[in-house]
Amino acid sequence: MADVIRCEAVGLQYVRGDGPEVLHDLSFGVPEGGFRWLLGPSGAGKTSLLRLLYLAVRPSRGRLEILGTEIAGVKRRALPGLRRRIGVVFQDFRLLAHLSAFDNVALPLRIAGRPEGQIRADVTEMLRWVGLSAKTASRPPELSGGEQQRVAIARAVIARPDLLVADEPTGNLDEAQAERLMQLLQEMNRLGTTVLVATHNEGLVRRHPARTLRLSHGRLIADGGVG
Amino acid sequence: MAELAELRDRRSARLRPGGFDDLGLRRALGDRLLPLLVAAMTFLAALALTGFVAAAALARHWREGAESALTVQVPQPGGPADQGTRRERVLAILRGTPGIAQARALSDEALSDLLRPWLGSEAQSLALPLPAVVEVHLSGDGPDLRALAQRLTQAVPGTLVESHGVWVARLSTLARSLQACAGLALLVVAAVAASVVAVATRAGLAARREAIGIVHSLGATDGYIAGRFARRATLLAFLGSALGALTALPVLLGLADLAAPFAGLQGIAEPPNGVWAWLAALPLPLWLALPGLPLAAGAIGWLTAQATVRRWLRRLS
């Protein structure tokens with residue numbers, strides 16, 4: 001089975017040339033339909049790795065392949081199409097405060113130019129799935145942290161991405177909501193989406209054992225094991 | 001029940017507001033300052049355009065006048081001379097001179113038209129001793145003007161020969177210069193309008209930096225984001241420009257009214273009977289060009305916003 005993510009000696013510098021390297025010589029692969037926990041202490045480079053994976057930055061060196069496309073050499077105009085196949089749950093949600101929960105979730109579909117009728121049906125169903133049917137017209141500032149996180153998750157999965165990356169998706173959720181989210185992610189994974197979740201929640205990892213990538217000081221110190 | 005239905009309607013309206021504004025540009029590119037600045041630019045452009053059209057009309061008027069490259073004035077035209085009146089003698093000499101295609105004495109009405117700007121429409125009733133004016137059209141290089149003038153003065157003393165050539169050339173140059181200045185003013189106004197749109201767009205980009213980053217990360221293309229800005233900038237520039245053009249219209253009609261006597265018109269007639277005459281005081285090219293100003297402003301808004309946003313987006317991966 002082809003790898004959805006393939007890293008070979010990948011390094012990342014935010015400032016090209018003299019800047020410090022925040023990721024060093026990362027080499028790993030995640031096959032299609034795979035599930036990975038991304039673990040490591042704060043400052044280990046988890047968010048930087050996720051930024052590479054959702055194409056916010058390009059690697060400074062090495063070879064990074066996402067969804068079969070080599071990222072370093074790909075033309076800039078090819079990236080938006082690739083990004084639409086990647087769902088992202090940001091640690092800070094990154095919702096648009098002036099839009100309703102409905103419009104926030106609908107955003108990826110509208111950007112992709114889907115018909116409005118289909119958008120309405122899909123978004124309504126998705127908001128029902130994450131338990132926010134009663135909050136469709138609410139704007140993010142009117143929602144609790146947990147509700148905002150669920151909107152962010154709904155937005156990440158609404159377009160049925162091939163790859164889903166999530167940065168601390170349970171950070172603002174209580175245990176019950178975190179479990180519900182895990183069921184959602186596992187359901188996506190069962191349907192074929194490759195999932196990579198960065199978390200500090202060791203309890204969650206223990207309850208949902210899966211292969212783990214462990215980072216420390218920008219280096220991959222473990223790729224394997226379960227939980 | 002009614003309250004429930006109202007709540008449902010309100011919620012539905014909030015779900016899909018008209019003109020989905022994902023980047024929040026209605027606030028970032030406000031509907032006050034930019035349209036007002038574009039309105040002011042358009043007002044200036046309308047004045048410059050009027051100058052351009054007026055200079056073109058003057059140049060054409062003078063060029064047409066230059067076809068009669070020579071004017072001969074005959075004081076006391078009815079006085080006696082060899083073989084008839086002084087006027088007839090001058091005409092006979094002119095028609096018999098090689099290099100002259102045509103010599104025609106202006107009628108009293110044509111003379112009155114010429115003098116109307118200075119003496120009013122009742123010039124003939126003032127009993128002024130007006131000279132006869134003979135329009136002379138030359139052929140080829142024309143005759144030796146100095147020798148012709150000498151012959152005419154000897155035959156009919158007091159006759160004045162005036163060549164238009166030099167003055168027409170000078171006036172044409174002046175008109176062309178005025179046209180060029182007006183054209184330059186139009187270009188400057190367009191450049192300033194583009195700068196105003198660019199500054200407003202950059203301010204909008206700075207204000208909506210985070211939202212742009214979000215839609216970019218969700219797979220929005222540069223064209224999608226630039227299109228959002230361009231649509232807003234086009235709308236604001238078009239509306240502002242339409243306001244400016246409408247504001248300029250009465251001013252231009254007033255100027256046309258002031259210029260009407262010099263163009264041989266009777267000035268503005270009083271509405272309601274003369275409303276069409278009032279509007280017709282403005283030359284046709286201006287009527288065609290004025291609606292073009294909002295369209296041009298919209299185009300400037302679209303192009304400037306597209307270029308500004310696309311250049312800015314290059315910093316994102």
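In chain B, the helix H4(B) residues B:Arg89, B:Val90, B:Ile93 and B:Leu94 meet B:Leu148, B:Arg151, B:Leu152 and B:Ala155 of H6(B), where contact means heavy atoms within 4.5 Å. The residues of this contact divide into 6 nonpolar, no polar and 2 charged. Here Ala, Val, Leu, Ile, Met, Phe, Trp, Tyr, Cys and Pro count as nonpolar, Asp, Glu, Lys and Arg as charged, and the others, Gly among them, as polar.

The model is predicted, so local features need pLDDT of at least 70 and side-chain atom pairs count only at pLDDT 80 or more, while totals for chains, interfaces and linings use all residues. Residues are numbered from 1 along each chain as its sequence is written, chains are lettered from A and ligands numbered from 1 in the order in which they are written, and side-chain values use heavy atoms, with hydrogens and water left out.

Two packed helices are described by the angle between their axes and the distance between the axes. Axes are lines fitted to C-alpha atoms, for helices over the stretch in contact, and angles run from 0 to 180 degrees between N-to-C directions. Helix H4 (residues 86–95) of chain B packs against helix H6 (residues 145–155) of chain B at an angle of about 150°, and their axes are 10 Å apart. H4(B) is therefore roughly antiparallel to H6(B); angles under 35 degrees count as roughly parallel, over 145 as roughly antiparallel, 65 to 115 as roughly perpendicular and the rest as oblique. Helices (H or I, at least four residues) and strands (E, at least two) are DSSP runs, numbered from the N terminus.

Salt bridges come next. Over all chains, 17 salt bridges are found, each a side-chain nitrogen of Lys or Arg within 4 Å of a carboxyl oxygen of Asp or Glu. One of them joins A:Arg61 to A:Glu21, with the closest N and O atoms 2.7 Å apart. A:Arg61 lies in strand S4 (residues 61–66) of chain A and A:Glu21 in strand S2 (residues 21–31) of chain A, so this pair ties together parts that are 40 residues apart in sequence. A:Arg61 is partly exposed, at 31% relative accessible area, and A:Glu21 is partly exposed at 24%. Buried means under 20% relative accessible area, exposed over 50%, and partly exposed in between (1.4 Å probe, protein chains only). A:Glu21 and A:Arg61 also belong to a network of salt bridges with A:Asp25 and A:Arg219.

In chain B, B:Asp22 forms a salt bridge with B:Arg228, the closest N and O atoms being 2.9 Å apart. B:Asp22 sits in the loop between helix H1 (2–15) and helix H2 (25–28), and B:Arg228 in helix H9 (residues 222–259), 206 residues apart. Both B:Asp22 and B:Arg228 are buried.

Chain B as a whole has 12 helices and 6 strands. Of its 317 residues, 36% are buried.
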